[in-house]
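My notes follow the order in which I looked.

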Amino acid sequence: MLLSGRTAALSPLRRTPAGIPVLDFRIRHGSEQMEAGHVRRVEGEVEAVCVGPLAETIAAAGQGSGARFGGFLANRRQGSSQVVLHVTEFELLKD
């Protein structure tokens, strides 16, 4: 799954007991999409998490950075119905 947007609401970078960096944040997305033959403005935020060295890279880029995010959707935790984008790819976009 690929999603472009801006980093929003970055939580402080934390580490697991094993020292692995983890970053919780939101991605703010806005675009125009075709639906049933009409242009529709789409805006929203997606909850995201990143684990490992990439978490440090996203945290260093800072809030409001325009980027393309790649990853997969999974439940926030076992038994939860809330879906979160687990970011495994990150590319800064030029403004």
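Predicted model: local features only at pLDDT ≥ 70, side-chain atom pairs only at ≥ 80, totals over all residues.

**Entry 1, strand pairing.** I began with strand β3 (residues 21-35) and strand β4 (residues 38-51), which run antiparallel and are joined by 14 bridges. At the turn of this hairpin, where two residues lie between the strands, I noted that A36 takes a positive phi near 50°. I then followed β4 to its pairing with strand β6 (residues 83-92), which is parallel and rests on two bridges; here A48 stands opposite L85 of β6.

Which residue of β4 is the bridge partner of R28? I found E45 in that place, and the side chains of R28 and E45 also meet in a salt bridge, with N to O at 3.0 Å. Since R28 belongs to strand β3 and E45 to strand β4, the pair ties together parts that are 17 residues apart in sequence. Both ends are partly exposed, R28 at 45% relative accessibility and E45 with a relative accessible area of 37%. I also recorded that R26, R28 and E45 are linked in a network of salt bridges.

My search of the whole structure gave eight salt bridges. One of them joins E35 to R40, whose closest N and O atoms are 3.0 Å apart; E35 is partly exposed with a relative accessible area of 45%, and R40 is partly exposed at 46%. Another is formed by the side chains of R68 and E91, again listed at 3.0 Å from N to O, and this pair links distant parts of the chain, with R68 in strand β5 and E91 in strand β6, 23 residues apart. I noted R68 as partly exposed at 33% and E91 as partly exposed at 41%.

A polar atom of the S65 side chain lies 2.9 Å from the backbone oxygen of G62, and, leaving aside residues up to four places away in sequence, S65 touches G5, R6, T7 and L92.

Lastly I looked at a nonpolar surface patch of about 290 Å², made by M1, L73 and V83. Of these, L73 is placed in strand β5 (residues 66-75) and is partly exposed, with a relative accessible area of 49%.

Technical notes: Residues numbered from 1 in each chain as written. Heavy atoms only, no water. Pairing = 2+ DSSP bridges. Helix = DSSP H or I, 4+ residues; strand = E, 2+ residues; numbered from the N terminus. Patch = residues over 30% accessible without salt bridge, like charges linked within 9 Å, V, L, I, M, F, W, Y side chains within 5 Å. Areas by Shrake-Rupley, 256 points an atom, 1.4 Å probe, with all protein chains shown as cover. Salt bridge = Lys/Arg side-chain N within 4 Å of Asp/Glu carboxyl O. Buried < 20%, exposed > 50% of the residue type's maximum accessible area, 1.4 Å probe, protein only. Polar contact = N/O pair within 3.5 Å; in protein donor to acceptor, adjacent residues only side chain to side chain. Contact = heavy atoms within 4.5 Å.
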